[in-house]
4 protein chains.
Amino acid sequence: MKSQIQKAEGRLGILTPGMGAVATTFMAGVIAINKGLAKPIGSVSQMGNIRLGKRTENRMPLIKDFVPLANLKDIVFGGWDLYDDNVYQAAAHAKVLEPAMLEAIRPELEAIKPMKAVFDRTFVKNLDGTYVKTAATKWDLAKQVMDDIENFKDLHDLNRVVLVWCGSTEIYFEASEVHETVESFEAGLKNNDPNIAPSMIYAYAALKLGVPFANGAPNLTCDIPALVELSKQTGTPIAGKDFKTGQTLMKTILAPGLQARALGVDGWFSTNILGNRDGWVLDDPDNFKTKEVSKLGVLEDIFKPDTNPDLYGDIYHKVRINYYPPHGDNKESWDNIDIFGWMGYKMQIKVNFLCRDSILAAPIVLDLALFCDLAKRAGMSGIQEWLSFYLKSPQTAPGLRPEHDIFKQLIKLQNTLRHMMGEDLITHLGLDYYQDLVEAIS
Amino acid sequence: MKSQIQKAEGRLGILTPGMGAVATTFMAGVIAINKGLAKPIGSVSQMGNIRLGKRTENRMPLIKDFVPLANLKDIVFGGWDLYDDNVYQAAAHAKVLEPAMLEAIRPELEAIKPMKAVFDRTFVKNLDGTYVKTAATKWDLAKQVMDDIENFKDLHDLNRVVLVWCGSTEIYFEASEVHETVESFEAGLKNNDPNIAPSMIYAYAALKLGVPFANGAPNLTCDIPALVELSKQTGTPIAGKDFKTGQTLMKTILAPGLQARALGVDGWFSTNILGNRDGWVLDDPDNFKTKEVSKLGVLEDIFKPDTNPDLYGDIYHKVRINYYPPHGDNKESWDNIDIFGWMGYKMQIKVNFLCRDSILAAPIVLDLALFCDLAKRAGMSGIQEWLSFYLKSPQTAPGLRPEHDIFKQLIKLQNTLRHMMGEDLITHLGLDYYQDLVEAIS
Amino acid sequence: MKSQIQKAEGRLGILTPGMGAVATTFMAGVIAINKGLAKPIGSVSQMGNIRLGKRTENRMPLIKDFVPLANLKDIVFGGWDLYDDNVYQAAAHAKVLEPAMLEAIRPELEAIKPMKAVFDRTFVKNLDGTYVKTAATKWDLAKQVMDDIENFKDLHDLNRVVLVWCGSTEIYFEASEVHETVESFEAGLKNNDPNIAPSMIYAYAALKLGVPFANGAPNLTCDIPALVELSKQTGTPIAGKDFKTGQTLMKTILAPGLQARALGVDGWFSTNILGNRDGWVLDDPDNFKTKEVSKLGVLEDIFKPDTNPDLYGDIYHKVRINYYPPHGDNKESWDNIDIFGWMGYKMQIKVNFLCRDSILAAPIVLDLALFCDLAKRAGMSGIQEWLSFYLKSPQTAPGLRPEHDIFKQLIKLQNTLRHMMGEDLITHLGLDYYQDLVEAIS
Amino acid sequence: MKSQIQKAEGRLGILTPGMGAVATTFMAGVIAINKGLAKPIGSVSQMGNIRLGKRTENRMPLIKDFVPLANLKDIVFGGWDLYDDNVYQAAAHAKVLEPAMLEAIRPELEAIKPMKAVFDRTFVKNLDGTYVKTAATKWDLAKQVMDDIENFKDLHDLNRVVLVWCGSTEIYFEASEVHETVESFEAGLKNNDPNIAPSMIYAYAALKLGVPFANGAPNLTCDIPALVELSKQTGTPIAGKDFKTGQTLMKTILAPGLQARALGVDGWFSTNILGNRDGWVLDDPDNFKTKEVSKLGVLEDIFKPDTNPDLYGDIYHKVRINYYPPHGDNKESWDNIDIFGWMGYKMQIKVNFLCRDSILAAPIVLDLALFCDLAKRAGMSGIQEWLSFYLKSPQTAPGLRPEHDIFKQLIKLQNTLRHMMGEDLITHLGLDYYQDLVEAIS
């Protein structure tokens with residue numbers, strides 16, 4: 001397989017629907033990194049090592065030196081937004097990065113200007129924008145997005161393009177008939193079906209062109225049969241949904257740890273305070289619903305109450321998000337976890353995470369874009385479950401329950417890379433280090 | 001191999017040098033469980049499931065139903081202590097378990113009485129006991145312990161015996177010449193070499209008789225060439241060292257999570273307050289040194305600063321233990337973790353663990369005893385690295401760095417069990433769930 | 001004045017409308033204290049000292065030895081509830097006190113049985129009771145309560161009676177015309193005015209009989225002109241409203257401290273988790289509204305944003321209560337306080353209070369009852385502002401802003417007691433300890 | 001008295017022995033404030049209000065508008081240090097203030113250069129400086145300091161001078177014979193008595209010249225009979241010792257709150273992590289001892305275990321300071337407080353204060369300087385107990401126990417100011433707001 005992967009030649013365009021705090025932090029970061037002003041901390045593709053072979057071989061290359069990823073210097077940025085601020089203005093407004101850093105890369109940021117967004121306030125009640133596309137039908141809007149992508153590709157002389165959704169969370173709704181097949185979906189686009197959300201229009205446009213699409217929000221978007229089908233037809237990778245940052249990241253680290261030790265859990269209370277645009281959007285109950293569903297499923301999957309009723313049959317799990325302006329983008333979470341051990345004795349764990357939402361999300365945008373591009377070049381189409389590692393609510397094949405345990409997700413990602421490159425998979429068995437033992441049990 | 005494992009027939013004796021809070025909580029728990037008064041929460045061998053086969057097969061048996069472990073009803077308890085309290089008295093003194101529970105199993109607890117301990121105050125300054133063996137040489141003390149074990153086995157008509165060290169932490173010292181070979185060690189026993197600690201005498205006695213030995217404290221004990229050699233000679237499993245509970249448990253859960261995401265770490269400050277006998281022993285700087293070395297190594301191994309200097313090259317790691325009587329056995333830890341992400345931006349994580357020391361340690365005693373017994377019956381001798389999962393400072397083959405990441409340790413444990421029973425090892429690759437994808441990359 | 005205070009002779013009845021967790025914990029506690037099984041920790045009247053005279057005099061008597069309070073041995077308990085459980089059953093159900101303690105005083109608790117409650121589900125949506133009074137009009141209900149009080153007094157041969165509201169929080173509404181005068185209120189009782197809540201019927205009944213009334217919930221109850229007028233007419237003390245426990249207690253300790261040092265505050269986020277009946281009632285938005293108003297006012301008063309706009313002009317204050325069954329009565333609060341100091345530099349304070357709601361409230365019931373009884377005997381009628389110390393939302397004279405700073409409240413309480421007993425008020429000036437200094441500035 | 005206070009005419013020199021993080025933050029702040037770049041948050045003298053008259057009068061002037069303080073524009077800065085960095089360099093090194101702010105006032109900061117320090121490494125083991133005075137005797141060193149002060153005064157045409165010790169904590173020792181009288185002390189200076197610390201030499205020099213002296217560290221310094229006597233002889237105010245910031249500030253806020261409510265305390269564990277020069281000095285056990293004594297006394301005084309043995313007789317109080325470089329000047333504290341309430345039930349409070357040491361200390365330097373200058377002009381000499389409010393370990397008249405409760409300290413400070421200016425003292429009695437009540441009890 002290794003020999004079949006196309007090289008990462010030429011330039012790669014990364015386009016983000018939504019150019020707020022996350023997208024601008026991502027773009028500013030890559031630019032600063034290319035100028036030697038910062039490092040891509042938090043990016044597993046750039047900073048992460050991967051063990052190859054036996055423990056005693058000490059082969060631990062960086063992932064970027066192991067698999068053929070696009071070079072950061074070859075990336076060109078673009079996107080869509082419902083405000084016409086350029087990236088410098090949007091980043092300054094988001095207040096994630098320090099002014100001195102923004103000044104140092106101001107010309108590059110000012111040069112990145114959004115294209116007009118596909119926007120429908122029905123799906124995001126607390127926002128309102130004026131820089132939006134108009135058209136008679138959703139089909140026409142999809143065509144406009146396709147034109148945007150192709151024009152952008154021509155304009156910047158790109159070899160390949162990837163889309164990563166960095167927009168706000170849309171309101172909660174479930175998949176229905178219009179989302180069943182490519183045919184029904186295209187009919188829906190043409191007759192303005194109210195169940196087709198703006199994010200779906202972007203995803204459709206990308207997949208139709210064979211452009212990989214990753215979804216950083218908990219909206220359905222490409223997690224519908226119609227778009228999975230389309231992705232296979234056009235040989236395009238998709239990945240979703242919802243960037244795994246902050247509290248849920250912490251939850252998918254801690255929960256597997258408790259479960260590993262067969263410690264029981266009575267209750268898990270999670271609260272968040274944040275004051276950015278995301279917090280404001282999620283202050284609306286319909287939009288929070290979408291997020292809540294994404295956040296609540298995590299423990300259910302990891303603990304599997306049905307399999308382990310004595311330990312996890314009665315978990316009371318509650319998640320709250322509170323809009324709290326004093327913290328801006330510095331999302332803070334507080335978790336209270338009620339556990340019980342030997343003979344049922346109770347213990348408590350409190351975790352207070354003073355995090356920065358966009359700082360945790362930005363490297364995920366980069367990694368998803370680079371790995372989706374790699375998958376495309378490797379001929380892998382449809383759902384990329386090995387990218388679950390980055391996502392709160394991983395999209396999987398029908399009938400397959402998602403895996404939320406971040407450590408299993410990591411092994412899946414790493415073993416997929418090893419498999420691609422023809423290296424042995426790692427099982428951590430390691431009995432061969434103990435010769436005599438091996439003789440005994442083989 | 002599966003067919004070669006001897007069945008777990010007859011009764012298993014579990015003897016603990018040290019019958020304080022941990023050992024008595026372990027014994028009282030098993031007795032209560034056998035009477036239907038409690039459940040073995042926190043015991044992976046009893047409550048943990050293991051996935052077999054593909055994710056879609058839904059095969060998730062309990063480990064105890066998968067591998068041939070001794071039945072809890074067949075366990076007989078005994079041990080040594082420097083106070084002559086029976087287990088009821090010692091448990092009441094430790095104040096870990098509620099009085100009502102102790103009353104409900106009082107006769108069974110009162111029936112368990114310690115044998116006289118091998119004790120030398122040079123190694124544990126803050127304790128003093130009167131219920132101790134006397135002899136001209138350490139060799140004679142070892143003989144007495146061997147007699148104790150054999151008498152206990154006869155008295156209770158046991159099929160097999162296991163020893164688990166549950167005593168206090170001995171003072172810090174490093175391995176020297178006397179610890180090099182079985183020959184030099186036996187000579188040392190005979191001439192009362194000051195570098196042979198009491199815990200080593202127990203370990204020697206056990207291994208000489210082919211009785212498995214696990215070490216729950218950070219002392220060297222069986223982590224010396226002489227005793228590793230002896231364990232191979234007599235075909236006996238050994239496991240050590242230091243039960244992984246509380247703060248270090250949490251650390252080996254969180255650190256792999258941060259590393260998985262390539263998040264950098266500047267500093268990790270860990271403090272503990274506890275008021276039990278363990279806290280009092282560790283209030284002495286020499287004894288704390290042993291514990292500190294055990295606790296500090298954890299991050300070094302997981303983060304591998306040499307491999308990842310940009311992320312982990314400058315970690316400032318500090319661990320403090322404070323004797324604080326108001327909390328008794330309810331050890332509480334507080335961690336401050338300084339991390340950095342994308343472009344170097346700083347974040348903080350605070351973890352406050354209101355734990356119960358002995359409640360977390362008791363099921364480890366059980367699991368180590370049962371798995372060592374299993375290993376013995378499977379013909380596995382020497383260091384059992386697959387039991388690292390339970391240990392703060394795992395003993396490994398010479399030249400092999402220990403693995404502290406609890407999730408890698410768990411896979412190692414589970415894949416070892418799968419290997420023993422002839423099941424496929426799990427790699428989490430899972431590409432076969434995605435047919436078209438498989439075709440593309442195979 | 002001291003000589004005019006009537007002695008505390010004979011028996012005192014304390015009747016609580018509402019006999020749930022708080023009331024039963026209070027009653028069980030006093031009974032246990034009288035039997036020598038417990039101490040009245042948290043009761044300022046019983047355990048608090050009061051400094052008299054100069055610092056060098058070392059006069060620090062207990063308050064109960066300084067002012068003529070009723071003796072705990074002379075208290076008789078009773079009350080009303082919408083369930084017919086006796087106090088033993090209700091306390092067992094509340095799970096606040098340990099079973100062993102309840103058993104030790106079981107006969108005394110079983111002997112206390114509720115009278116039928118005045119209840120109207122319009123005011124407490126999440127509850128429903130069957131043990132309730134029926135009558136054609138609210139006037140008739142008030143008559144029934146008066147009969148209950150007088151019968152109880154006769155039956156137990158009481159010298160005096162006090163009522164303390166320990167019922168649930170009623171829904172939010174503001175005072176209107178019917179609450180203006182005694183006349184309009186009595187007319188409203190007769191024509192079943194919907195703005196007269198059950199708690200007001202109890203308060204009316206008590207005050208009409210000259211029985212002191214204290215209100216432990218945030219409902220209006222006696223904080224309306226009509227009942228203030230009535231309390232003066234009948235020479236009866238009133239005190240309200242809302243027992244100051246848990247998070248608000250902590251807030252009125254910390255906020256004055258920050259203000260003392262002229263430290264600015266940007267935001268204060270407060271969240272609570274609790275799983276008792278109170279939590280369940282407050283899960284309803286209308287009932288939470290009443291509580292929220294009571295909780296939010298606290299910071300406004302202490303910080304006085306108008307007087308100090310540079311420091312407190314932009315506080316974002318948010319309070320959340322979350323029903324979380326795993327914690328039962330063990331209410332836990334978490335506060336994040338964003339402060340700023342010299343030159344505007346930001347700092348943060350996090351407070352995690354693992355409290356027990358009823359344990360904090362019970363001694364307040366006792367103190368309010370004893371001090372209201374003292375006030376009655378001292379001839380003090382109407383609003384007792386000196387009891388603000390115990391209350392989240394103190395009732396004051398019209399036009400007088402309430403004082404929430406717990407330290408000013410304490411001085412007010414103590415100086416009122418000193419004034420009653422003819423002792424010098426304390427000003428903490430203390431220049432006289434420094435002779436030469438006094439000469440200089442006098 | 002009001003008429004006797006001399007006006008604050010002309011310029012005031014504030015000299016600090018020690019020009020590290022605290023002193024430079026203080027100086028930079030005042031300069032920035034005078035240029036309109038920042039506000040004196042945390043300074044009670046500048047930002048604090050004082051209530052005058054009855055609550056209904058709404059008289060709440062700023063303290064600086066109420067008493068005749070020196071104007072910030074009239075302050076001139078100077079000091080001594082053992083490194084010859086100017087204030088810009090020292091502030092940049094301390095990393096407390098942001099670079100952009102330091103640049104904005106760079107010329108003013110560069111103009112402030114230290115004079116050579118009196119330094120003796122015996123008293124501060126972890127520091128070493130080269131910019132130090134040399135002389136045959138301590139008497140000569142004192143003369144040099146006096147010359148420094150007078151030259152500085154002449155050079156800058158000052159009307160008055162104040163000294164505030166901002167140097168490191170000296171090692172622990174207790175007062176002895178040489179500290180008894182002015183005579184013995186001067187003899188000691190002349191014969192180089194080893195019990196005379198550098199800080200005492202500064203204090204002697206200041207007091208001899210009639211210059212007020214405040215001590216921000218826990219060293220004895222002017223808390224010895226000889227210097228108290230000298231301060232009275234020369235009519236000079238003194239105040240000490242140890243700026244009350246961070247954890248102790250929080251402790252003297254919380255402890256009075258718990259005591260107010262008669263809640264018991266079993267244990268109080270306090271730990272700190274900090275990485276500045278102060279942290280490094282306190283890493284030496286002898287220097288930590290001085291700090292520990294200062295920190296431990298606080299609870300003893302507030303809770304008075306002798307008066308309240310049931311509540312506070314068994315407090316286990318432990319304070320730890322850990323040098324932790326990643327945090328720099330951002331000192332962080334974590335407290336665990338074990339309390340008990342009604343019937344002895346246990347609760348816990350955890351406080352995590354993410355503070356900034358120098359940001360909290362800087363306004364205290366300002367206030368102590370301004371109030372000492374006021375006291376001097378008001379003719380108040382010797383110990384100024386009303387400034388205890390700012391100090392961890394207040395100096396008092398012999399035989400008078402210090403008051404640590406910050407709220408009593410605040411009333412003392414405010415009532416002293418009211419007394420100076422001829423206003424009524426505040427007692428918070430307030431019965432007069434309730435007319436009928438007043439009639440009843442007067």
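1. Two residues are in contact here when heavy atoms of each lie within 4.5 Å. By that rule, 106 residues of chain A are in contact with 106 residues of chain B. Keep in mind that this is a predicted model. About 8800 Å² is buried between the two chains, and carbon and sulfur atoms give 67% of that area.

2. Chain A and chain B share four salt bridges. One of them pairs Glu385(A) with Arg55(B), with the closest N and O atoms 2.9 Å apart. The rule for polar contacts finds 30 residue pairs across the interface of chain A and chain B. On the side of chain A that touches chain B, 62 residues are nonpolar, 27 polar and 17 charged.

3. How do the β10 strands of chain A and chain B run? They run antiparallel, and seven bridges join them. The strand covers residues 346–354 in chain A and residues 346–354 in chain B. Val351(A) has Val351(B) as its bridge partner in β10(B).

4. Now the peptide bonds. Most peptide bonds are trans. The bond joining Gly240(A) and Lys241(A) is cis, with omega about 0 degrees. The bond from Gly240(B) to Lys241(B) is also cis, with omega near 5 degrees. Lys241(A) sits in the loop between β6 (237–240) and α11 (246–260) of chain A. Lys241(B) sits in the loop between β6 (237–240) and α11 (246–260) of chain B.

5. Most residues other than glycine have a negative phi. Lys304(B) is not a glycine, yet its phi is positive, about 45 degrees. Lys304(B) lies in the loop between α13 (285–303) and α14 (309–312) of chain B. Asp242(D) also has a positive phi, near 85 degrees. Asp242(D) belongs to the loop between β6 (237–240) and α11 (246–260) of chain D.

6. Are Lys304(B) and Asp242(D) buried or exposed? The cut-off for buried is under 20% relative accessible area. Lys304(B) has 14%, so Lys304(B) is buried. Asp242(D) has 1%, so Asp242(D) is buried as well.

7. Asp81(D) is worth a stop. Asp81(D) is placed in strand β2 (residues 75–81) of chain D. Its relative accessibility is 5%, so Asp81(D) counts as buried. What does the side chain of Asp81(D) reach? It reaches the backbone nitrogen of Tyr83(D) at 3.0 Å. Beyond its neighbours within four places in sequence, Asp81(D) is in contact with several residues, including Gly18(D), Pro114(D), Tyr131(D) and Arg277(D).

8. Last, salt bridges over all chains. Side chains of opposite charge can pair when their charged atoms come close. The search of the whole structure finds 87 salt bridges. Asp128(A) and Arg121(A) form one, at 3.2 Å from N to O. Asp128(A) is partly exposed at 45% relative accessibility, and Arg121(A) is partly exposed at 43%.

9. Buried pairs occur as well. Lys133(B) forms a salt bridge with Asp148(B), the closest N and O atoms being 2.6 Å apart. Lys133(B) lies in the loop between β3 (115–116) and α7 (138–155), and Asp148(B) lies in helix α7, so the pair ties together parts 15 residues apart in sequence. Both Lys133(B) and Asp148(B) are buried. In chain C, Lys133(C) and Asp148(C) form a salt bridge at 2.5 Å between the closest N and O atoms. Lys133(C) is buried at 12% relative accessible area, and Asp148(C) is buried at 13%.

Note on methods: Residues numbered from 1 in each chain as written. Chains lettered and ligands numbered in written order. Predicted model: local features only at pLDDT ≥ 70, side-chain atom pairs only at ≥ 80, totals over all residues. Heavy atoms only, no water. Buried area = accessible area lost by both parts, 1.4 Å probe. Salt bridge = Lys/Arg side-chain N within 4 Å of Asp/Glu carboxyl O. Polar contact = N/O pair within 3.5 Å; in protein donor to acceptor, adjacent residues only side chain to side chain. Nonpolar A, V, L, I, M, F, W, Y, C, P; charged D, E, K, R; others polar. Pairing = 2+ DSSP bridges. Helix = DSSP H or I, 4+ residues; strand = E, 2+ residues; numbered from the N terminus. Buried < 20%, exposed > 50% of the residue type's maximum accessible area, 1.4 Å probe, protein only.
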